[in-house]
Amino acid sequence: LLPLAFCLVPILAGILIAIAIPPDAMRFYLGQLKKSPMDWIILALGTMLFVSQTLLAWRALRWRDGGFDERPDRWLSQLAQGAEWFPLLGLLGTVGGILQTFSSFGGPSPTITPAVIISKYAPAITATGSGLFMALLNILPTWLVNLGRDLILTLGGGQPNASEAGR
């Protein structure tokens, strides 16, 4: 039961973060999401990575033959490193959006007001938001395995084995 509870924590954290975003910002983000392939890529890759890590975390938190199932640990470590790429993908999308914004100001045109600049520039920020959100969600499963194992051992009155004591 505890492994399942620990695996629900990152999902609940993601939901809480989404709820905490101001409604106007969320509406704007969702509106821009419809026309942003970079956001689609970030969110799709991030979701696949998150689901994989969550399933592996559940296995890693289960008790097996006198200890935790350590077979998923190597994979969890490798997949957790993937979370580092999401802010970079978000920044890449932001830079692309900025370049697109400034290219739209080229040529003879009427005076450009700050309001026009802001309205054209704002969509570039959604990729950064997607990248940061996916990075946050994807660092949680591995952290929860480490925390969860220690908590389960503490609650059960057990001692960490040699490989867990070295962490």
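D73 and R149 form a salt bridge, with their closest N and O atoms 2.8 Å apart. This pair ties together distant parts of the chain: D73 sits in helix α4 (residues 73-82) and R149 in helix α7, 76 residues apart. The model is predicted.

**Salt bridges**

- The total is 6 salt bridges.
- In general, side chains of opposite charge can pair when their charged atoms come close.
- D73 is partly exposed, because its relative accessible area is 26%. R149 has 2% relative accessibility and therefore counts as buried.
- A network of salt bridges with shared partners takes in R59, R64, D65, D69 and R71.
- One link runs from D69 to R71, where the closest N and O atoms are 2.9 Å apart. D69 is buried, at 2% relative accessibility. R71 is partly exposed, with a relative accessible area of 48%.
- Another link joins D65 to R64, and here the closest N and O atoms are 4.0 Å apart. R64 is partly exposed, with a relative accessible area of 36%.

**D65 in its loop**

- D65 belongs to the loop between β1 (63-64) and β2 (67-68).
- Is D65 buried or exposed? D65 is exposed: its relative accessible area is 75%, and the cut-off for that class is over 50%.
- The backbone of D65 has a positive phi, near 50°, in a residue other than glycine.

**Nonpolar cores**

- In soluble globular proteins, nonpolar side chains tend to be buried together.
- The largest nonpolar core holds 12 residues: F6, C7, L56, A57, A60, L61, F68, L76, L144, V145, I152 and L153.
- Three helices each give at least two residues to this core: α1 (2-20), α3 (37-60) and α7 (125-156).
- Which helix supplies the largest share of this core? Helix α7 does, with 4 residues.
- I152 is one of the core residues. Beyond its neighbours within four places in sequence, I152 is in contact with L2, F6, L61 and F68.
- A separate core has 11 residues, including I42, F86, A127 and M134.

**Nonpolar surface patch**

- Helix α1 gives the largest share of the patch, 7 residues.
- L1 counts as exposed because its relative accessibility is 85%.

- P3 lies in helix α1.
- P3 is buried, since its relative accessible area is 13% and the cut-off is under 20%.
- P3 touches W58, L61 and R62, leaving out residues up to four places away in sequence.
- How far is P3 from G106? Their C-alpha atoms are separated by 56 Å, and the two residues are 103 residues apart along the chain.

**Buried polar residues**

- N138 lies in helix α7. N138 is buried, with a relative accessible area of 0%.
- What does the side chain of N138 make a polar contact with? The partner is the side chain of Q53, at 2.9 Å.
- Leaving aside neighbours within four places in sequence, the contacts of N138 are G46, L49, F50, Q53, A80, A83 and F86. F86 is also among the residues of the 11-residue core.
- T101 is found in helix α5 (residues 85-103). T101 counts as buried because its relative accessibility is 5%.
- With neighbours within four places in sequence set aside, T101 is in contact with K120 and Y121.

Terms used:
Residues numbered from 1 in each chain as written. Predicted model: local features only at pLDDT ≥ 70, side-chain atom pairs only at ≥ 80, totals over all residues. Heavy atoms only, no water. Core = buried A, V, L, I, M, F, W, Y, C linked by side-chain atoms within 4.5 Å. Buried < 20%, exposed > 50% of the residue type's maximum accessible area, 1.4 Å probe, protein only. Contact = heavy atoms within 4.5 Å. Polar contact = N/O pair within 3.5 Å; in protein donor to acceptor, adjacent residues only side chain to side chain. Salt bridge = Lys/Arg side-chain N within 4 Å of Asp/Glu carboxyl O.
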